[in-house]
Amino acid sequence: MTQAFRLENGGLINRDKKLSFKFNGKTYYGFEGDTLASALIANGVHLVGRSFKYHRPRGFFGAGVDEPYAIVQLYRNNETEPNIKATEQELFDGLEAKSVNCWPSVNFDIGAINNFLKIFLPAGFYYKTFMWPKSFWYRVYEPFIRKAAGLGVASTKHDKERYEHKYEYCDLLIAGSGPSGLASAYSAAKNGARVILAEDKPRFGGSLLTSDVNIGNQSGEDWANSIIAELKEMPNVVVKNRSQVFGYYDHNMLVMSEKVSDHLPKTKKYHPKQRLWYIRAKEVLISSGSIERPLVFGNNDTPGVMLSSAAKEYLKVYGVLVGKNPLVFTNNDSGYETAIEFKKNGINPIILDSRVNPQSEIINEAINLGIKIKFSYVVVAAQGYKKVNSADIAKISDDKKQLGTVENIKCDCICVSGFWTPTIHLASQSGNKTKFKEEIDAFVPGKSKQNETTLGAANGIFTLEETLKDSFTAGQDLSKKITNNDNKISFPNVVEKKSSQHDKFWCVPLPEGKNYKRFLDFQNDVSVSDIEIALKEGYRSIEHVKRYTTLGMATDQGKTSNLNGLQLVSDIENKVVPAVGHTTFRPPYTPISIGAIVGREVGKHSKPTRKSPMHSWHEKNNAVFVDAGVWLRPRYYKQGNETLFEASKREAKNVRTNVGVCDVTTLGKIDIKGPDSAELLNRVYTSAWLKLPVGKARYGVMLREDGIVMDDGTTTRISENHYHMTTTTAQAANVLSHLEYYLQLVWPELNVNVVSTTEQWAGAAIAGPKSRKLLQKLFPNNDVSNEGLPFMGYMESDLFGVKARIFRISFSGELAYEVNVESDNGNFMWEKIIELGQEFQVQPYGTEALSTLRIEMGHVAGSELDGRTIPYDTSLDGLVSKKKDFIGKRSLNREAFTSENRQKIVGVVPLDKKTSIPEGSHLVKDAKAPLPNKKLGHISASCWSVEHDNPFSLAILKDGKNMIGKKLFVMSPLKNKVIPVEIVSSHYVDPKGERVRS
Amino acid sequence: MLHIKCPYCGMRSQNEFSYGGDASVKRPELNKEISDQEWDSFVYNRKSLRGKHLELWQHLSGCRQWIKVERDTATHEIFNTYKADEEIS
């Protein structure tokens, strides 16, 4: 297919490199440097999608980030991405794209029936139409709306692309490389400031690429290129294209999305697809330019109606004609620039100017070129369904209320210009209270809130000379504050055409007897009548009108619709625009891919992975790992075809009958030193600590100030002023912060130092009736008898030349020890234990067996210390000192905490001794009671008791103390289970605790 | 993201810190008889004020010191930061 709308010459594209691409399955050709939009227009394709609500045909409206229509589904390198603007997507060879929001095809779309049902789809139709009958909402309306709504389909596959984050600091961040961005960057850089210049488009220069101006005897484009070339050579400057600064956050932190590879068929090896920059800038220059404002008339959403600046950009940058018989409809001089460009390329446009008799240099130029101009004329309605084929036009009275006779003229596109809207989003996001500038009928930034300065068109300055002067000076002054340099730049000579005043007119009245849709928001299909309805129904605040009608709430965030909406509300309400106010701008300025926000923190990289020094041994011995906080721990060691259930039962049983060894490196360890260490422990733990002798360990429970159990663990007195504290794996970091809080802020008089030693020590728990015999083999020179190393005893020794700490403590309830060695020796220790334990049938055991052992023993862990339980609930009240004060003690007097029928930990056994009880199930008195069935408690942990060979669970049960022996029901609606159970003591094995002392 | 000046380490990004609440709260002395109301105020009752607020932050991924930060809760402006034991005028 030929590119029938491509000019013979001109544009900034590379005509030597022809690219092929597919749109809706059909192959087309474009050139390197095209966007998908410019290439499609070159091929005469103007129908790209269907609108959101009425499924009306959609074409192209803009040429960049402001595009409300041309949203496509992109296919690239076996991945698909929705919500891609065809006006931003650069063409690459093999690109494939499809239309969205249409079925079965963009040409014949069933949903277009909504266009004829539009009387039923007014503003707020969600709230009105689907209210009755109520039950229809879930079954009929909501599924239907879900299916009908949406612009594209998100991929459900894992995104294989790489996204990076980068943190950067600079003196000046400059957002936008138009004339103001280039000038300020140049003068700041010459002053030695560290500058980042960001441009969202592939080409630098902004409006200089399309305007007919002269700077320092160069064309605007040549001047831009020479400045960029010079900046790129400077070591203190970072120049980035395809980079959108989309958010201005607190303390001058800005976030920028750099599209590194989206313009390539495939991401290069070692390159990311996109990079998100977090930039902390000392000064921020906002040079984001302005967006042309549309004019509102009948059927102004028909494909072929587009912004005149976009038509000019397609012509000058891409060498593409948006039409061969164009109509330009304008209320200011900008439309003339577009018409002149058409004329220069052999096309004869017609200009309709709403103004009565405007005079300016540029209008004279158009007249001299022989362009046909009709003053006081407006477009009443565009005609044509899938593409403009003519326009109804009419003369308009001076007060803009009366239309003359409507006549129809042929045209294939309508280029509209309603003057310019400064892009103030970043300034507004920084907290700047914007103000309304009467002369340009738009909002501009007010007083700076953070260190932001807005320049050029974004600041409502539309002449090049003034823009450049301001910008050179701003770059100079701001950099001088930082670098103390004062290098003056000589100001270039500027030649530009002077413009005349725009017309304060945007919305064409309806001709008598016609009821055309006049659209304000082109992406969400919000029309003039929707706003009128909302106001009639009593909505006044612009924020409410916005939400009720969805004006400006689409993915383009109303870049082209906001001001026309405000103007309409102010006209109807007879208020001035600033009194109506505008809605809040929030980041991101433009849609950002989720991948870029997440960066590399996906899958395995979402958090650090910690491995114990014995990890490789576990791997070699068929360990199946489980995530325990940030740690990887062996869950069980698989033998043959064993299931988790079989393996954990075998491992637990071996601990009860022989001896097992478990990697406990992950336990939190805190080294405590200083003369007041005992006093600190005495205040932190609920029990008394002042009299713990050297060489002894003690189990302790610590509370939060509100009386809830925070953590438990053992602490050992290594020497007079030196303690070794252990915490649970999950709470290790919190406990350290907790201790630091009290030592630094509450009791700074205590002379104590704390430091985490979790990763300095490798730990192995050796548990089971044969553990002492094994320990004797490991430490043949020590007396490890019950007298030599009693329960809760501690000794330091030497494990075949390696320094070791031995603690006689037990989590499994068996005779048990924990051996610690320095991390580097962890593997050596582990292999020695396995080697010397062979004769005692030693087996490693994982967290699943560990749980089984502690559950049937009634030892509490994280599932009972769940942030809702006090010592009494978990039967730890025996450890609460009556004599001394400690953190949280005063809270234990609270009424609810001393209640007679307070919840308490109990054991639960199914009556059939067979059915496993799901964790999280509820305990109820009567399984058949009507809902809501009163919950008496919940199952906190379940296991298969290896001692009794039947299921056993722990539960936190209301009035648990008096419930032992009672029969209740366990209910798990999630698993659809009802199990009759008996409540027993939580100590299901060795209730007197004889084994640990044996 | 806020930019907080740690009195020990200098300007650092917020993600190195963790928040610790109102710095004006004083824990009642140990072993002192106090009323339920007083204890309740200490544990639960916090002002949720708009404007200048003296609060605690811990430089968790840094020097691990608890510091005091004077911040405007509405604008996030940080007026000053102090060491834990520093006198605040």
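Between chain A and chain B there are 3 salt bridges, a salt bridge being a side-chain nitrogen of Lys or Arg within 4 Å of a carboxyl oxygen of Asp or Glu. In one of them, Arg64(B) is joined to Glu740(A), with the closest N and O atoms 2.7 Å apart.

Please note that this is a predicted model, in which local features need pLDDT of at least 70 and side-chain atom pairs count only at pLDDT 80 or more, while totals for chains, interfaces and linings use all residues. Residues are numbered from 1 along each chain as its sequence is written, chains are lettered from A and ligands numbered from 1 in the order in which they are written, and side-chain values use heavy atoms, with hydrogens and water left out.

I turn to the contact as a whole. Chain A contributes 29 residues and chain B 26 residues, where contact means heavy atoms within 4.5 Å. About 2,300 Å² is buried between the two chains; this is the accessible area (1.4 Å probe) lost on putting the two parts together, summed over both. His251(A), Gln744(A) and Arg890(A) supply 27% of the area that chain A buries against chain B, more than any other three residues.

Which helix of chain A gives the most to the side that touches chain B? That is helix 20, with 9 residues. Helices (H or I, at least four residues) and strands (E, at least two) are DSSP runs, numbered from the N terminus.

Helix 20 (residues 732-746) also lies across strands 35, 36, 37, 38 and 39 of chain A. These 5 strands form an open antiparallel sheet in the order 36-37-38-35-39, pairing being assigned if DSSP finds at least two bridges between two strands.

Definitions and conventions: Axes are lines fitted to C-alpha atoms, for helices over the stretch in contact, and angles run from 0 to 180 degrees between N-to-C directions.
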